[in-house]
Amino acid sequence: MSTAIKLKTCEDIEKATSMFIGILQHAAKAATPKRNSSSPVSNLPSDIKCLVATKRTARSTWQKTHAPDDRRLFNNASNKLKTALRDLRNAFFTAYVSSLKRDDYSIWKPLKSRKKPQTLLPPIRKNSTPPGPWAKSDSEKVELFATNLAEVFTPHDNTWDPDVDKKKLATNTQPSGNLQAFTLNELKQVIKQLNPHKAPGSDLITALMIQEMPPEGLQTLLHLFNAIVRVEYWPAPLKHTKIIRIPKPGKTPTDVASYRPISLLPVKSKILEKLLLKRIYTDTHPQTWIPTHQFGFRKAHSTIQQCHRLTDVINKALDDKNYCSAVFLDVSQAFDKVWHQGLLLKIKQTLPQGYFKFLQSYLQNRKFVATYNNETSLPLPMLSGVPQGSVLGPLSYTIYTADIPQSNKTTISTFADDTAIFTTHPDPTTASANLQDHLHSIEN
């Protein structure tokens, strides 16, 4: 694939993206060495080889004669060989353990290399009313996972809002051209920071494959990314998510809702998201649209600092001899139920104009597949939510929840989708009433 290819339309972007993925996959297959199917070379000592030969001769003689004396000779040869092999294994193990040291961490490597025992999943089903049918085979389980995820990625109210429609879609369909092209140094810096041990997406392209690309490959990738930014179109292969399910600790293993989804995104999509995120923070002032009470997904902000902030409110109430009422909210499936229509309206109102159409293409027409063992479901649409495992997902959720109602009578603290509301007053009834008023505004 050459950088001389003209990428001017969405179809050109789709074709070039698929071609680039195919080239990487073919190169990885060609560079992977084939396994040597030859039989392993025996490194047994000569005395044990003699015992093996003696045992084989004795067994052959006994099978021909069936005489008791020949049977006794065969048993003796077999016992001597077993004893010699056991002594050899013990000697090898003793020498190996003696070579382990603490200073070079070699004593921990055998423990880390041991694979955890795999526990087979029991039959599962959806614990609804009435309960759904049991899924026993891998194909049935993966279809049940896919159906459950399709319900999760469906908004609560899928009807089109005409009021939001008038505000959101009043935009020019032509590319705005306000986004600046990425540089080769920016691309190299992001690729260098990738974790090579992360699992790949559905295209099976790993971060290590990207990091070991030649300079020509980096130039081609940069050419493709800049074309994507210029056309403001996120290609479909970069919006394909592979989702695996792992059981939640302490939950019922037979319920499909007891399995946490883990999203595996294409590495190229992660690279482009990181480049775009840096550009957003450069072109905008995050302090103008990230509320001060939001401590999630922000630099120099942590849960400990948010806890100190809440503790200060409680201590001040105790010093003033006031009552302190609090409520803690945990939104169920917060990231998976984000309403795309409302999110795009807030993106248009928050970020510069050049990002709206690009992020609109990023959110719409996303698809996912569910996998379990060697089974994979058919692609299904993601009608709601922001991609988990991405860097633009937390940014989108922060923009989506930035206008959460606040009150002068309460103190609100948020960390991602976790919310705490505190209020203090000398009268406990008034404190609870102030808290309830704030909750009503959030509900509306």
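**Figure 1. Ile191, a buried residue of helix 7.** Ile191 is buried, with a relative accessible area of 6%; buried here means under 20% relative accessible area, exposed means over 50%, and partly exposed is what lies in between (1.4 Å probe, protein chains only). Its place is in helix 7, where helices (H or I, at least four residues) and strands (E, at least two) are DSSP runs numbered from the N terminus. Set aside the neighbours within four places in sequence, and Ile191 is in contact with Ile210, Gln211, Leu218, Leu221 and Ile271; contact means heavy atoms within 4.5 Å. Cys324 is another matter: 133 residues away along the chain, its C-alpha atom is separated from that of Ile191 by 49 Å. This is a predicted model, so local features need pLDDT of at least 70 and side-chain atom pairs count only at pLDDT 80 or more, while totals for chains, interfaces and linings use all residues. Residues are numbered from 1 along each chain as its sequence is written, and side-chain values use heavy atoms, with hydrogens and water left out.

Figure 2. Leaving out neighbours within four places in sequence, Phe225 is in contact with Phe182, Leu187, Lys268, Ile271, Leu272 and Leu275.

**Figure 3. Asp203, buried in a loop.** Asp203 has its place in the loop between helix 7 and helix 8. With a relative accessible area of 8%, Asp203 is buried. Its contacts, leaving aside neighbours within four places in sequence, are Ile21, Gln25, Pro266 and Lys268. Tyr362 sits 159 residues from Asp203 along the chain, and the two C-alpha atoms are separated by 18 Å.

Figure 4. Asn365 is not a glycine, yet its phi is positive at about 60 degrees. You'll find Asn365 in the loop between helix 13 and strand 4 (367-372), exposed, with a relative accessible area of 66%. Asn373 also has a positive phi without being a glycine, at about 55 degrees. The loop that holds Asn373 runs between strand 4 and strand 5 (375-376), and Asn373 is exposed, with a relative accessible area of 53%.

**Figure 5. Helix 15 and its buried face.** Helix 15 (residues 428-443) has 16 residues and reaches 22 Å from its first C-alpha to its last, close to the 22 Å expected at 1.5 Å a residue; that expected span is 1.5 Å times one less than the number of residues. Its buried residues are Ala431, Asn434, Leu435 and His438. Looking down the axis of helix 15, these buried residues fall within an arc of 95 degrees, so they line one face of the helix; the arc is that of the directions from the helix axis to the C-beta atoms. An α-helix has 3.6 residues a turn, so residues three or four places apart point the same way. The buried residues of helix 15 pack against strand 3 (323-330), strand 7 (411-415) and strand 8 (418-425). On the face turned away from the buried side are the exposed residues Thr429 and Glu443.

**Figure 6. Asn434, picked out from helix 15.** Asn434 lies in helix 15 and is buried, with a relative accessible area of 10%.
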